[in-house]
Amino acid sequence: MTAVTQTQTTARPVAIGEHQVGPDQPVYVIGEIGINHNGDVENAKKLIDVAAEAGAQAVKFQKRTPEISTPEAQKSQIRQTPWGEMTYLDYKYKVEFEKEEYNEIARYSAEKGLQWFASPWDVPSVEFLESFDVVTHKVASASVTDIELLSALRDTNKPIILSTGMSTLPQIDKAVEILGTDKLVILHATSTYPLPAEEANLRTINTLQQRYGVPVGYSGHETGLQISLAAVALGAVAVERHITLDRAMWGSDHGASLEPRGLTTLIRDIRILEDALGDGEKRVFPGEEAPLSRLRRVNA
């Protein structure tokens, strides 16, 4: 336990725009919209509203060049969608935002006081996001082993948030070697949707803190709030959760997402936890003085 505390206090915060992410800083909360907008920029704006009203600091999207990022074996697979039957590749294009939509997202996020960024899934998507001068880039768990993508992200000289789901420590070691640690935030994650408690493995937060000496947060795919709150209690400096307007909506991520009330409750409870964790120094608090004088018979 001593080693964990030492690592937590020596990891330097990382500046993501105006926010400092790290020990002794407010937990940085990211509302992951991903593709839960279902290709509709008005849905995206409603989700930005949800994140802003709940008190998040940022919203995150996913950016793909579908022809590059879609696995060859899946491109021609047929998928049933709200827009009819289509190939998986056509579906990916259907829900992908381009310049016009992201101009609106950038404008609207700024209006609501939120940062926005995305997980690029290929090198052209990095270049696309750089054209908006986003404050940071997020490495999706699926991209931990994509050396070309990691190298392109490193070359932006932006802070990087690295998710670690479905990855081994040697794979994460290699990613960290490429990205460097000066501007790196790592998120513990398990890429099971939805996430069962027995696969959360939250003590890995401490493992990552000790191994890399950088700020470590948590990216959750569970349906409730308890696991994310436990992550904060274990020292997570950032929390990312998928958000949705309605978990019953069509799409792969909605079922493992938080609805508006859930996000609001989560952020409220995170802020309470921050106050409750304190600084670790044992002392008598002002509120204890009256019970002390009333109840203690023998003074040392």
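This is a predicted model: local features need pLDDT of at least 70, side-chain atom pairs count only at pLDDT 80 or more; totals for chains, interfaces and linings use all residues.
Let me start with a word: when I say two elements are in contact, I mean heavy atoms within 4.5 Å. Two more: helices (H or I, at least four residues) and strands (E, at least two) are DSSP runs, numbered from the N terminus. And axes are lines fitted to C-alpha atoms, for helices over the stretch in contact, with angles running from 0 to 180 degrees between N-to-C directions.

With that in hand, look at helix α10, residues 204-212: it lies across β10 and β11 and runs at about 150 degrees to β10.

Residues are numbered from 1 along each chain as its sequence is written, and side-chain values use heavy atoms, with hydrogens and water left out.

Okay, the sheet. Strands of a sheet pair through backbone hydrogen bonds, either parallel or antiparallel. Here, two strands count as paired if DSSP finds at least two bridges between them. What is the order of the strands in the open sheet of eight? It goes β7-β4-β3-β12-β11-β10-β9-β8, with parallel pairing. β7 (115-120) and β8 (137-139) each have a single partner strand, so they stand at the edges, with one side of each left without a neighbour in the sheet. From one strand to the next, the twist averages 25 degrees.

Let's zoom in on one pair. β11 (residues 216-220) and β12 (residues 238-242) run parallel and are joined by three bridges. Tyr-218, for instance, has Val-239 as its bridge partner in β12. Helix α9 packs on this sheet too, touching β9 (160-163) and β10 (184-189), and its direction makes about 175 degrees with that of β9.

So what does α9 do with its helix neighbour? Helix α8 (residues 147-154) and helix α9 (residues 169-179) pack at an angle of about 35 degrees, and their axes are 9 Å apart. On the α8 side the contact is made by Ile-147, Leu-150, Ser-151, Leu-153 and Arg-154, and on the α9 side by Lys-174, Ala-175, Ile-178 and Leu-179. Sort those by class and you get six nonpolar, one polar and two charged residues. (Ala, Val, Leu, Ile, Met, Phe, Trp, Tyr, Cys and Pro count as nonpolar, Asp, Glu, Lys and Arg as charged, and the others, Gly among them, as polar.)

There's some antiparallel pairing as well. Strands β5 (residues 78-81) and β6 (residues 84-87) run antiparallel, joined by four bridges, and a hairpin of two residues connects β5 to β6. Thr-81 has Gly-84 as its bridge partner, and Ile-78 stands opposite Thr-87.

Next, charges. How many salt bridges does the structure hold? There are 21, counting a side-chain nitrogen of Lys or Arg within 4 Å of a carboxyl oxygen of Asp or Glu. One of them joins the side chains of Lys-60 and Glu-32, at 2.8 Å from N to O. That pair links distant parts of the chain, 28 residues apart: Lys-60 sits in β4 (residues 58-63) and Glu-32 in β3 (residues 28-34).

The peptide bond from Tyr-193 to Pro-194 is cis, with omega near -15 degrees, and Pro-194 is in the loop between β10 and α10. Then there's Asp-24, which has a positive phi of about 65 degrees although it is not a glycine; Asp-24 lies in the loop between β2 (19-21) and β3.
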